[in-house]
Amino acid sequence: MTRTYLILLAAILAEVIATTALSRSESFTRLWPSIGAVVGYAVAFWLLSYPLRVMPTGIVYAIWSGMGIVLISAVAWIWYRQTLDFAAILGLAFILAGVLIVNLFSKSIQH
């Protein structure tokens, strides 16, 4: 199961990199960020296909999307100085809490 989580983490990181590149591609008018976005998403979906073989789809997608939202928000906040107000930070904390609850307490992950 550890290998599955490592591959899922790699898929999440690839998605965060792709989303960051997408935001810099200026609607696919800049070549290198556009290539980074397309390649990043292709890698993310390819990596995501492995955990989907051994874990329930809803659980995998909840982890992938939840952690992707939190990480891309952190990248935008730290790297690009996009501000987050208290409500945004609280909402992101709830998403993170949801991912943790699913991983720590749900029996749906085990087959």
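1. Start with the contact of helix 3 and helix 4. On the helix 3 side are I59, A62, I63, G66, M67, I69, V70 and S73. They meet L92, I95, L96, V99, V102 and N103 in helix 4. Contact means heavy atoms within 4.5 Å. The residues of this contact comprise 11 nonpolar, 3 polar and no charged. Ala, Val, Leu, Ile, Met, Phe, Trp, Tyr, Cys and Pro count as nonpolar; Asp, Glu, Lys and Arg count as charged; the others, Gly among them, count as polar.

2. Basis of the model. This is a predicted model, in which local features need pLDDT of at least 70, side-chain atom pairs count only at pLDDT 80 or more, and totals for chains, interfaces and linings use all residues. Residues are numbered from 1 along each chain as its sequence is written, and side-chain values use heavy atoms, with hydrogens and water left out.

3. Helix 3 spans residues 57–78 and helix 4 spans residues 86–105. Their axes come within 9 Å and cross at roughly 145°. Axes are lines fitted to C-alpha atoms, for helices over the stretch in contact, and angles run from 0 to 180 degrees between N-to-C directions. Helix 3 passes helix 4 in a left-handed crossing. Left-handed means that the near helix is turned anticlockwise from the far one by less than a right angle; clockwise is right-handed.

4. Helix 1 and helix 2. These cover residues 2–24 and residues 31–54. The axes come within 7 Å and cross at roughly 160°. The two helices are therefore roughly antiparallel to each other (angles over 145 degrees; under 35 is roughly parallel, 65 to 115 roughly perpendicular, the rest oblique). This crossing is left-handed. Its contact residues divide into 18 nonpolar, 4 polar and 3 charged.

5. Overall layout. The protein has 4 helices and 0 strands. From the N terminus, the order is α-α-α-α. Helices (H or I, at least four residues) and strands (E, at least two) are DSSP runs, numbered from the N terminus. The C-alpha atoms fill a box of roughly 45 × 35 × 20 Å along the principal axes. Of the contacts with a separation of 6 or more, 65% join residues 24 or more positions apart.

6. Surface and burial. Of the 111 residues, 30% count as buried. Buried means under 20% relative accessible area, exposed over 50%, partly exposed in between (1.4 Å probe, protein chains only). The protein exposes about 7200 Å². Carbon and sulfur atoms supply 73% of that area. Areas come from the Shrake-Rupley method with a 1.4 Å probe; for residues, only the protein chains shown count as cover.

7. A44 lies in helix 2 and is buried, at 0% relative accessible area. Setting aside residues up to four places away in sequence, A44 touches A11, A14 and E15. Its C-alpha atom is 15 Å from that of S34, 10 residues apart along the chain. Y41 is also in helix 2, but counts as partly exposed at 23%. Beyond four places in sequence, Y41 contacts E15, A18, T19 and L22.

8. Loop residues to look at. Most residues other than glycine have a negative phi. E26 has a positive phi of about 50° and is not a glycine. E26 sits in the loop between helix 1 and helix 2. R81 also has a positive phi, about 60°, and is not a glycine. R81 sits in the loop between helix 3 and helix 4. At 67% relative accessibility, R81 is exposed.
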